[in-house]
Amino acid sequence: MDRTQIVIPAVELQRQREFIRQLAARFGGLGRAPAALVDTYGCQQNVHDSQRIMGMLRDMGFDFTGDPYEADIIVINTCAIRENAEKKVFGAVGQLVHAKERNPELMICLCGCMVQQEEAAERIRRSYRHVDLVFGPQALWRFPELLWQACTGRGRVFSIEDEPGSIAEGLPVVRESAVKAWVSIMYGCNNFCTYCIVPYVRGRERSREPADILAEVRGLVADGVKEITLLGQNVNSYGRDLDAPMDFSDLLAELDKIPGDYLLRFMTSHPKDAGEKLFDTMARCSHVARQLHLPVQSGSTRVLREMNRGYTREQYLEKVRRARRAMPDLVLTSDIIIGFPGETEAEAMETVSLVEEVGYDALFTFIYSPRPGTPAAKLPDSVPRAEKQVWFDRLLEAQNRISAQRHRAYVGEAVRVLVDGESGDAQWPLASRTNGGRLVHLRGDASLVGQYVLARVTDANTWALFGEALQENHT
Ligand code: SAH
Ligand code: SF4
Ligand code: F3S
């Protein structure tokens, strides 16, 4: 793809700002501040996209509410990764019919990955007639224009064309926290793992210009943000489409030069593209967290091939060894799918044995869910759900044991943590994260929120650590 066709021209973005102005005038006529409800399903990409939608809504003059009956506009940002995610969305959208009955002026908008699929959009068209506007992830930057059409036109608006996708710089954003922020470094995915819907709904891989990313991160650090997570479906393929010779490790090294007291995290790393250069760069860069989310998906080389993952069990284990050699204190996490079509019990147990061999700090585990339109959905799948559940439970049991053990090793240690918020729990009033991203429930004063402190770990369980703040850390 030619980059001039990918980057949205400034004049187009200016046009969108004009629609924001017109919408502000329109909703300004209510005699009170208009209210918006934004509900988000799915991954961090979606959370960050919702922050941009909220940025546009804020610029239109909206306040935010959690109550659908108070809202003048409701935006549901949807996910399609598993059937369950879709069921939840349809349930939530179905409920909104009551809010629409009470307030026929209410604008109901659906966006995100789920609606980019033909069948889901069709179902909304047919059976969810209270929905006014539907747009896919690639159309996000045109939300103001689409909303204007939906408000002023005669009918419902659907913008779900099959687009390879673009890059829109400078969209407004509402950050949920003054301490932590997401920064997208790339969009889309070209990997086409055979079970996965993402490449079909998020378009082709495209990288933001390094200068734009550097400027955004510099701005966040200047604003006092302490933890910045770089986002992409596969951050390791960052830069392949750029004119400048720059890969993800080069980008990390450049970002690391920005002075200040902050940490850089990133997700997700595809194992096929993670190597020595990345591990060495992480080890060398003082701002880069010692944390790697390296989804293996399966411990069976045969299943990995069927999944189109591009590595074998042995190659994966070798990468883990190399990563740990470069960073002995690395916190390692992974995603796993149990019950891929054709997977045998023995193959599922190979996954359990890989998990035991690696000794992850934590896992995100899923039972395979067929996604219409993906190659895996066409494969015969004869293992009953109940049997997959048994394998899944064995995996969880193994991981829970390992997580508990790894967490226990922290007890008695003093660790530097970032206090990122209050928990609402009287006994452990603060929530904090270690450099490796482990959660520490903390005793300490609310004034510590937003600061790095030294904490003594006093207890641990399978899911988290517990501790007390020792002192303010002025390093
Ligand atoms: N880009 C990331 C993952 C995005 S989706 C990566 O490649 O690692 C997050 C996780 O959802 C995946 O890692 C996978 O474990 C899981 N997942 C994706 N499609 C799935 C499906 N059809 N059924 C079950 N789990 C799935
Ligand atoms: Fe899906 Fe694979 Fe792309 Fe991850 S790398 S988003 S699992 S296709
Ligand atoms: Fe994320 Fe779900 Fe889309 S996991 S990329 S929101 S399908």
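## The ligand and its shell

Around ligand 1, the shell consists of seven nonpolar, four polar and four charged residues, where Ala, Val, Leu, Ile, Met, Phe, Trp, Tyr, Cys and Pro count as nonpolar, Asp, Glu, Lys and Arg as charged, and the others, Gly among them, as polar. This is a predicted model, in which local features need pLDDT of at least 70 and side-chain atom pairs pLDDT 80 or more, while totals for chains, interfaces and linings use all residues. Residues are numbered from 1 along each chain as its sequence is written, chains are lettered from A and ligands numbered from 1 in the order in which they are written, and side-chain values use heavy atoms, leaving out hydrogens and water.

Of the 15 residues around the ligand (a heavy atom within 4 Å), Tyr195, Gln233, Gln297, Asp335 and Ser369 come nearest. The table lists polar contacts, that is, pairs of N or O atoms within 3.5 Å.

| Side chain | Ligand 1 atom | Distance |
|---|---|---|
| Gln233 | nitrogen | 2.7 Å |
| Gln297 | oxygen | 2.7 Å |
| Asp335 | oxygen | 2.6 Å |

Taken alone, ligand 1 exposes 550 Å², and the protein buries 90% of that (Shrake-Rupley method, 1.4 Å probe).

## Helix α5

In helix α5 (residues 118-127), Ala120, Ala121 and Ile124 are buried, meaning under 20% relative accessible area with a 1.4 Å probe and protein chains only, whereas exposed means over 50%. Because these three cover an arc of only 100° around the axis, they lie on the same side of α5; on the other side, Glu118 and Arg126 are exposed.

Note on methods. A polar contact is a pair of N or O atoms within 3.5 Å; within protein, one must be able to donate a hydrogen and the other to accept it, and residues adjacent in sequence count only if both atoms are side-chain atoms. Helices (H or I, at least four residues) and strands (E, at least two) are DSSP runs, numbered from the N terminus. The arc is that of the directions from the helix axis to the C-beta atoms.
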